[in-house]
Amino acid sequence: MSQRVFVTGFGIITSIGKNAEENFRSLLNRSHGFGPIEILDTVHRNSISACEIKLTEEELCSLAGVKQHEGFTRTSLLGLIALNEAIQSANLSREEIKNSGLVSATTTGGIREFETYFDELMDAEKHGDFVRFADTATSGEHCERMADHVGIRKYLGTISTACSSSANSIMHGAQLIRNNKLERVICGGAEALSKFTLNGFNTLMILDNGHCRPFDAARNGLNIGEGAAYLVLESESALLTSGKKPMAEVKGYGNANDAFHQTASSPDGAGAYLAMKMALNSAGIEPQDVDYINAHGTATENNDLSEGLGIKRLFGESIPLFSSTKPYTGHTLAAAGSVEAVFSLLTLQNGMIWPNLNYRNIMPDLRIEPVVQLEERSKLRNVLSNSFGFGGNTSSLLLAFV
Amino acid sequence: MEKTGPYYINGVGIISPQKTFDPDNFLSEIIEYDHNVLTCVTPDFKAYINPIQMRRLSHMLRIGLSAATICLRDSGIKSPDGIITATGYGFLEETAKFLNEVLNQSEKQLTPTYFMQSTSNALAGLVALTFKCMGFNNTYASKGFGMENALIDGMMQLNQNPSTSLLIGSYDEAADVQYKASIRVGHFKVEYINNLRLFETKTKGSIQGEGSAFFMLSGNKSSSTWCAIRDVHMVYKPEPGELKRELEKFLSTNKISAHDIDVVVNGASGDVDHDIIINDLIHQVVAGSMEVRFKHLSGEYSTSTSFAGWLAASILKKQNIPKAVMHAHRRSPKKLETILVINQYMAKNFTFILMQR
């Protein structure tokens, strides 16, 4: 029998808050994390702003409950902070943690530390403390590091599908539960700002130097952000045993590929359409059952048009309320899927739909408008959360009220 | 009730430090190395990639796309229903190129292509684009568990849709940056050795390898079926005695006795400390099976499980064990029916894969 999959806890850290409560307050108060870069050491400090978490490594270590100088990368520290909160919020015992799986996502893992000590690491003559970062240029390092710290051993996996990564973590976790391979999986992603990614996106010329404007006619690119978020997923049978009350259900998911271009979305949103449609199909619901879409909405020319057309194709004339929360947190890359899954859970729990900041004018070739003021609804049933990425990856999650 | 296997390997494509790109050739010629870094023996890429596309691709993307193409051709499938790739260190060569520019040109006038081709999912995206596959697409970058995650993901998809065909593969490259960084933490041997004498060494560390291998996995048999995968299991950082318990449980869950296992593929890496663990396990649980080893031919890398999988699939399909991989010839069964792969990475990530004819 395939198992139903429930969310029993979550944790999050972004530029708008270091836990779920702070993130919720910021969403409620329209306060965003966009501003000058102060922590990352880069020549672009005066020219590119970002949604940076204004905490030093020292402060992050203390929040994560680890000693300094033990070789935790910024990505791992952000991850640990969110992971610890998720574990607490689901009230997991030591034994339950040990028997959990951890599926985490990141694009570049500990590249920030690898780039900081690159010259030293490459010079065999040099010796010192930096050697603890010798293995951080791999995505998987952060997952093992976090698992070791909290004591997870049953199943480990790291996903790296660019900006859709952590939506795929949640999907993989749900699959493991549905297939009776695990009773409990903690899924999400973590991503720290680095020179590598900041410059990567800058060379692609898709960064907006101003505050990003998703779905606006004059949108001009994305803002890069950093953060981490994790969801605790548990099987129906685990909940029957523990009597724990779920927060929501992971009811469906879809993963497809645009197969159009290495870094651009197709002009007709074929991949976006497919991913959303598969999510609805696997949840066994109809388009009219969707109450809100937390869009990928990066505010690039290309993404918003492609995603918007995909939405129009699936929903026709009755398009559900939708918004992008990227102006709050920036694009947290591999963490975006789980960050926005948490925002969607906050939507379901509180009956609140987060406004799309900075929207002014309708896109002439799309003619759909996002939610711009906080909307309160007494009954929200189903929320779609979209995450797309380079390589044509498109993923969509369907989270439902229980 | 959904199906839970077996999962048939209906096509294979592999490019490795040995001459493996021709599916009909099974280690008839062995390549020796004497400098501890084993790099791919590559085919003429023009046979697999069109020249306009090729110009823009990094060396590793060419290797990966060629391996995927060989697999598709071997399986007789034009476009798979889904693509899952795995890697340990990703496209580290392109990552290093971009990083060098960032650091040496004070973050100015950088080459976007290096960045675009540095993302771990670049190969899965490229294969999808090349073969117009809009289906499921995923990439695992889990160090020593990437290929295992990919296989388990694929097997779960096939439980739901057994008639589909998924292209599942891995890539890792012997990048200079990784070598320089990893040798500091004891991943690789300091003294130069001949790769064919790897298992005679008594020192720490292994030799670096690389490679890309793809498998066409389906819940249905086809005319090109090589063998079947019954099950995959991972054990992370086992406590004393745990590996033996987990392996015995793995075999009993799959209703297999140790006696049924004709061949064990041993993922020993030539690291004197690490190999004790896996060799002891084999001695304790499957001492009566024939034992083959492969890391002297492939080198050590995070997704070496795919080389092990290719080796086991080839033995089952061709009913032949090349001399170069034979480590202990403990029996002579009439037919080679069942193979157990036991792989390990850095004595931290352990993998069991059960494969059958």
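## A buried leucine to start with

A:Leu77 is buried, since 27 other C-beta atoms lie within 10 Å of its own and 20 or more are enough to count. This is a predicted model, so read everything here as computed from predicted coordinates. A:Leu77 sits in helix α3 of chain A, which runs over residues 74-89.

As for A:Glu59, 18 residues away along the chain, its C-alpha atom is 9.9 Å from that of A:Leu77.

## Chain A overall

Chain A comes with 14 helices and 14 strands. Its radius of gyration is 20 Å, close to the 21 Å from the globule rule for 402 residues, so chain A is as compact as a globular protein of that length.

Of the 402 residues in chain A, 64% count as buried. Take the contacts in chain A with a separation of 6 or more: 78% of them are between residues 24 or more positions apart.

## The two domains of chain A

Chain A splits into domain 1 (5-242) and domain 2 (249-401). Taken over C-alpha atoms, the centres of domain 1 and domain 2 of chain A are 21 Å apart. Across the boundary, 64 residues of domain 1 of chain A are in contact with 53 residues of domain 2 of chain A.

On the domain 1 side of that boundary in chain A, the elements giving two or more residues are β1 (5-14), α1 (20-28), β3 (49-51), α8 (165-178), β6 (184-191) and β7 (227-235). The largest share, 8 residues, comes from α8(A). By class, this side of domain 1 of chain A has 35 nonpolar, 22 polar and 7 charged residues.

## Chain B overall

Chain B has 11 helices and 11 strands. A compact globule of 357 residues would have a radius of gyration near 21 Å, and the 19 Å of chain B agrees with that. Along the principal axes, the C-alpha trace of chain B covers about 60 × 50 × 40 Å.

Of the 357 residues of chain B, 57% count as buried. Among contacts in chain B between residues at least 6 apart in sequence, 79% join residues at least 24 apart.

## The two domains of chain B

Chain B, too, is divided in two: domain 1 (7-218) and domain 2 (229-356). The C-alpha centres of these domains of chain B are 22 Å apart. Here 45 residues of domain 1 of chain B are in contact with 37 residues of domain 2 of chain B.

Which elements of chain B supply at least two residues each to the side of domain 1 that touches domain 2? They are β1 (7-15), α6 (146-160), β4 (165-172) and β5 (211-218) of chain B. The element that gives the most is α6(B), with 6 residues. This side of domain 1 of chain B has 22 nonpolar, 17 polar and 6 charged residues.

## Where the chains meet

Between the chains, 51 residues of chain B are in contact with 51 residues of chain A. On the chain B side, two or more residues come from each of α3, α4, α5 (122-130), β3 (136-140), α6, α7 and β6 (227-236). The chain B side divides into 27 nonpolar, 16 polar and 8 charged residues.

The buried residues of α3(B) include B:Leu92, B:Glu93, B:Glu94, B:Lys97 and B:Phe98. Their cover includes α5 (111-116), α6 (118-122) and α9 (195-203) of chain A together with α2 (59-75), α4 (112-116) and α7 (176-184) of chain B. After α3(B) comes B:Ser106, with a positive phi near 35°.

## The nonpolar core

The largest nonpolar core has 231 residues, and those with the most contacts inside it are A:Phe10, A:Leu233 and B:Val265. Helix α11 of chain A (residues 270-283) gives the most to this core, with 10 residues.

What does A:Phe10 touch, not counting residues up to four places away in sequence? Its contacts are A:Ala20, A:Ala86, A:Ser89, A:Ala229, A:Tyr230, A:Leu231, A:Val232, A:Val342 and A:Leu345.

How values were computed: Residues are numbered from 1 along each chain as its sequence is written. Chains are lettered from A and ligands numbered from 1 in the order in which they are written. This is a predicted model: local features need pLDDT of at least 70, side-chain atom pairs count only at pLDDT 80 or more; totals for chains, interfaces and linings use all residues. Domain bounds come from an automatic or database domain assignment. Two residues are in contact if their C-beta atoms, placed from the backbone, lie within 7 Å. Helices (H or I, at least four residues) and strands (E, at least two) are DSSP runs, numbered from the N terminus. Ala, Val, Leu, Ile, Met, Phe, Trp, Tyr, Cys and Pro count as nonpolar, Asp, Glu, Lys and Arg as charged, and the others, Gly among them, as polar. A nonpolar core is a set of buried Ala, Val, Leu, Ile, Met, Phe, Trp, Tyr and Cys residues joined through C-beta atoms within 7 Å. A residue is buried if 20 or more other C-beta atoms lie within 10 Å of its own, exposed if 12 or fewer, and partly exposed in between; C-beta atoms are placed from the backbone. The radius of gyration is taken over C-alpha atoms; the globule rule is 2.2 Å times the number of residues to the power 0.38.
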